[in-house]
Amino acid sequence: MVYLKTEEEIELMRQANLLVGRTLAEIAKMIKPGVTTEEISNLADSFIRDNGAVPTFKGVPNPYGVPFPAAVCCSVNEQVVHGIPDKRVLEDGDIVSVDCGTLLNGFNGDSCYTFCVGNVSDEIKALLKTTKESLYLGIQSAIPGHRIGDISYAIQSHCESHGYGVVRELVGHGIGREMHEDPMVPNYGKRGNGMRLSNGLCIAIEPMITMCKRDVYVAEDGWTVITRDGKPAAHFEHTIAIHNGTADILSSFEEIEAIEGKLY
């Protein structure tokens with residue numbers, strides 16, 4: 001079932017998503033060699049609760065019934081998504097994607113950003129640049145009258161034209177009162193296929209792109225998704241509302257990018 005949102009609901013969702021953006025900006029301030037992913041999660045947990053919201057990911061069960069134990073997902077290098085924060089120390093040259101969700105006033109926010117740790121190679125920066133570009137190309141395709149496949153095709157064609165892999169096993173999703181709602185939003189597909197887009201639809205678009213082959217597996221923890229070839233992966237995500245005939249980005253990278261500067 002697809003639930004279209006009213007103007008009032010979209011504004012409530014904007015507040016939840018802007019809080020995610022502010023949380024990721026706080027994380028951007030602390031990203032450096034020597035920081036642990038556990039420290040990142042603890043900061044996010046405190047910041048979200050201090051702002052009157054709940055970290056949505058904490059306690060969510062996976063298909064095996066294992067609850068996610070932290071406020072955010074921290075996925076380092078070859079970890080694509082759903083990395084569990086722990087005492088792992090970030091090192092110079094690493095990348096870490098931080099996926100964050102909030103529940104505020106009954107509605108969910110969801111966004112992800114892949115951060116550079118110290119001096120990252122130009123090859124990896126190119127992967128991040130292309131992945132982020134593909135996110136915005138997907139968003140540009142999210143207008144009334146288009147279809148889900150138009151979003152998917154925009155992401156896939158851009159990333160594959162640069163020689164990168166597009167993960168098939170994980171997809172974007174509808175979002176609202178629940179973190180994961182219909183429809184699914186794959187990062188691969190054909191133009192003109194899938195559900196027709198209309199005003200009031202809120203979706204999270206999230207390219208998950210690998211340096212080389214797209215094959216992945218799930219670690220023994222039941223959560224962490226890892227590239228089979230051990231090469232790095234990037235993940236960027238925005239929540240949008242299809243609103244007044246256009247794609248209205250409800251989350252934000254502006255504060256993050258102001259802190260980071262132009263890295264790629």
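Analyst: Helices are DSSP runs of H or I with at least four residues, numbered from the N terminus. The model discussed here is predicted. Lysine 29 and glutamate 26 both belong to helix H1, where three residues, about one turn of the helix, separate them.

User: Why is the pairing of lysine 29 with glutamate 26 called a salt bridge?

Analyst: The term requires a side-chain nitrogen of Lys or Arg within 4 Å of a carboxyl oxygen of Asp or Glu. The closest N and O atoms of lysine 29 and glutamate 26 are 2.9 Å apart, so the pair qualifies.

User: What makes lysine 29 exposed, and how is glutamate 26 classed?

Analyst: Exposed means over 50% relative accessible area. Lysine 29 has 56% and is therefore exposed. Glutamate 26, at 24%, falls between the limits of 20% and 50% and therefore counts as partly exposed.

User: How do you know that lysine 5 and glutamate 181 form a salt bridge, and where in the chain do they lie?

Analyst: Their side chains meet with an N to O distance of 2.7 Å, and the limit is 4 Å, so the term applies. The pair links distant parts of the chain, 176 residues apart: lysine 5 lies in the segment before helix H1 (7–30), and glutamate 181 in strand S8 (residues 181–185).

User: Are lysine 5 and glutamate 181 buried or exposed?

Analyst: Buried means under 20% relative accessible area. Lysine 5 has 10% and is therefore buried. Glutamate 181 has 12%, so it is buried as well.

User: What makes arginine 49 and aspartate 45 a salt bridge, and how far apart are they in helix H2?

Analyst: The N to O distance between their side chains is 2.5 Å, which is within 4 Å, so the pair meets the criterion. Arginine 49 and aspartate 45 are four residues apart in helix H2 (residues 37–50), about one helical turn. Aspartate 45, with 11%, is buried, whereas arginine 49, at 43%, is partly exposed.

User: How many salt bridges does a search of the whole structure find, and which residues are linked in a network?

Analyst: The search finds 10 salt bridges. Glu11, Arg14 and Asp248 are linked in a network of them.

User: Why is glutamate 169 called exposed, and which residues is it in contact with?

Analyst: Its relative accessible area is 51%, which is over 50%, so glutamate 169 is exposed. Glutamate 169 lies in the loop between strand S6 (165–166) and strand S7 (172–174). Leaving aside neighbours within four places in sequence, glutamate 169 is in contact with Arg214 and Val216.

Conventions. Residues numbered from 1 in each chain as written. Predicted model: local features only at pLDDT ≥ 70, side-chain atom pairs only at ≥ 80, totals over all residues. Heavy atoms only, no water. Helix = DSSP H or I, 4+ residues; strand = E, 2+ residues; numbered from the N terminus. Buried < 20%, exposed > 50% of the residue type's maximum accessible area, 1.4 Å probe, protein only. Contact = heavy atoms within 4.5 Å.
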